[in-house]
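Trainee: I have a model on the screen and would like to learn how to read it. Where should I begin?

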Amino acid sequence: MRCLILCLILFISQFIACQSPATPSWRVTTPPGFVAIPSQNLRTANAVYKAVAADGAVIVMRIQRQQPEGDLAFWAAALENELRFQRNYELIDQDDVMTQDGPARVLYFRTGYDDEAFRYTLAVFVAQDTVVTIEAAAPLTHYDHHSLAITDTIRSLSR
Amino acid sequence: MSLCIRVLCFIALVSSLGCGGGAYPRQEGLVHWGETRTAAASPPADKLSEANTYDFTDRNLASGGEGGLAKEAAPAQPSEHQARPEATTPLQRIVIYRANLRIATLHPAQAMENALAFAERLDGWLDSMTDHQVVVRVPAAHFRRYLQEIRTYGQVESEQILSQDVTEEFLDLEIRLRTALELRDRYAALLDKAQNVQDALAIEAELARMTSEIEHIKGRLAFLTNHVAFSTVSISFTNIATQLGLNQKRLALPFHWMRDYGVASLYN
């Protein structure tokens with residue numbers, strides 16, 4: 001009986017370990033004006049990093065295992081499709097940014113949330129088996145103030 | 001007897017010479033003064049007549065003669081005569097064109113870039129730009145062509161073409177400018193003839209005032225000329241996907257983790 005329970009615990013722990021998408025090796029630098037939220041307090045799905053500014057701007061890094069495998073262009077287009085055509089986000093620009101670990105595709109959106117206009121930036125980086133994304137959002141009126149910090153955060157992505 | 005006749009003839013000759021010689025200059029002065037006053041009835045010559053009255057009165061008081069009056073009042077006549085042919089000749093209308101368009105497109109940012117690029121190709125330029133609106137100036141000759149091109153960028157939701165006829169203002173400014181320039185030249189000539197400091201200062205003050213007015217008129221003319229030569233086109237672009245609900249027609253991809261992306265998930 002004890003052996004069975006031990007095996008069950010071992011199996012569950014292995015299962016959880018396999019399912020967990022978080023790969024703690026990915027890092028970004030918290031930009032000036034932001035504070036990083038402790039990892040145990042992160043409630044955003046698949047988030048491994050979150051930083052907020054006093055005026056409500058937020059930066060989040062998420063990691064998702066690739067299922068199936070796709071390249072940077074595929075995942076960037078898929079996320080653009082999701083946001084533009086499923087959520088009505090307005091794509092206002094896109095750009096390629098070089099991170100510490102390689103190229104990332106950055107999509108710049110505009111949308112409405114809680115009766116307010118927001119800017120939403122999504123950077124997509126693809127490694128061998130993971131899709132790393134860095135999202136940033138801020139009210140339209142505050143975004144320009146943080147745009148440089150957001151770009152610096154994306155550039156700072158490294159393992 | 002013959003002596004008596006000779007004396008009478010001499011008296012008659014002297015008296016006739018004396019009457020004629022004294023009357024002529026005064027008549028001449030009155031005639032020219034009257035002409036100057038008549039010129040004041042013509043609206044464009046208002047300032048001219050006022051300035052002449054002021055200036056010549058001073059000059060007459062100072063010099064005690066009317067030679068200058070006859071000489072200076074003469075140019076008032078051509079300005080009246082010049083105005084007549086302009087009034088009878090058919091006028092070519094001078095019109096400022098503006099257009100305001102709102103266009104829905106799938107790619108507003110790209111459409112804005114294209115609108116600007118096309119304006120520049122037609123020798124136009126960017127006037128102002130915001131997130132969703134671009135204002136360009138295009139040569140008036142290409143105004144219609146530019147609008148035709150812009151209409152192909154998406155679905156035209158609204159279009160407004162405005163015209164402002166500035167012919168009257170333009171001609172009025174031209175006449176005022178010509179008159180002011182003539183008057184300034186006359187003041188400059190008078191300044192050379194000023195016989196005392198008080199006159200010179202008064203003339204210089206008028207010269208400064210006329211110069212300022214000339215610059216003001218020239219500025220307004222340049223503004224009008226610019227806006228006549230280059231039409232203003234303001235275009236607002238909106239996202240047609242949002243408006244037409246095209247997003248609902250796109251197939252959702254089978255990656256459920258993507259549903260977590262977006263602003264809402266960052267703030268929840």
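Mentor: Begin with the elements: helices (H or I, at least four residues) and strands (E, at least two) are DSSP runs, numbered from the N terminus. Chain A has 3 helices and 7 strands, and from its N terminus on, the elements run α-β-β-β-α-β-β-β-β-α. In chain B there are 10 helices and 5 strands.

Trainee: What should I know about the numbering and the kind of model?

Mentor: This is a predicted model, in which local features need pLDDT of at least 70 and side-chain atom pairs count only at pLDDT 80 or more, while totals for chains, interfaces and linings use all residues. Residues are numbered from 1 along each chain as its sequence is written, chains are lettered from A and ligands numbered from 1 in the order in which they are written, and side-chain values use heavy atoms, with hydrogens and water left out.

Trainee: How do I read a sheet, and in what order do the strands of chain A stand?

Mentor: Look for pairs: two strands pair if DSSP finds at least two bridges between them. In chain A, 7 strands form an open sheet with antiparallel pairing, in the order β1-β2-β3-β7-β6-β5-β4. The edges are β1 (34-36) and β4 (90-99) of chain A, each with a single partner strand, so one side of each has no neighbour in the sheet. On average, neighbouring strands of this sheet are turned by 20° against each other, direction ignored; the axes behind such angles are lines fitted to C-alpha atoms, for helices over the stretch in contact, and angles run from 0 to 180 degrees between N-to-C directions.

Trainee: How many bridges join β6(A) to strand β7 of chain A?

Mentor: β6(A) and β7 (residues 130-139) run antiparallel and are joined by 9 bridges. A hairpin links the two through 3 residues, and Phe118(A) stands opposite Pro139(A) in β7(A). β5(A) and β6(A) form a hairpin with 2 residues between them, and Asp114(A) in the turn has a positive phi of about 55°. As for β7(A), strand β3 (residues 58-65) of chain A pairs with it in the antiparallel sense over 8 bridges, and Arg62(A) stands opposite Thr133(A) in β7(A).

Trainee: How do I read the sides of a helix?

Mentor: An α-helix has 3.6 residues a turn, so residues three or four places apart point the same way. In helix α6 (residues 143-151) of chain B, the residues Phe143(B), Tyr146(B), Leu147(B) and Ile150(B) are buried. They cover an arc of only 100° around the axis (taken from the directions from the helix axis to the C-beta atoms), which puts them on the same side of α6(B). The face turned away from that buried side carries the exposed residues Arg144(B) and Gln148(B).

Trainee: Which elements do the buried residues of α6(B) pack against?

Mentor: Contact means heavy atoms within 4.5 Å. The buried residues of α6(B) pack against β1 (95-105), α5 (108-121), β3 (133-139), β4 (155-165) and β5 (230-239) of chain B. Arg145(B) also lies in helix α6 of chain B and is partly exposed, with a relative accessible area of 45%. Not counting residues up to four places away in sequence, Arg145(B) touches Phe118(B) and Leu122(B).

Trainee: How do I read the interface between the chains?

Mentor: The size of an interface is often given as the accessible area lost when the parts come together. Buried area is that loss (1.4 Å probe), summed over both parts. Between chain A and chain B it is about 2,900 Å², of which carbon and sulfur atoms give 57%. Phe85(A), Asn88(A) and Tyr113(A) supply 19% of the area that chain A buries against chain B, more than any other three residues. In terms of contacts, 40 residues of chain A meet 27 residues of chain B.

Notes. Buried means under 20% relative accessible area, exposed over 50%, partly exposed in between (1.4 Å probe, protein chains only). Buried area is the accessible area (1.4 Å probe) that two parts lose on being put together, summed over both.
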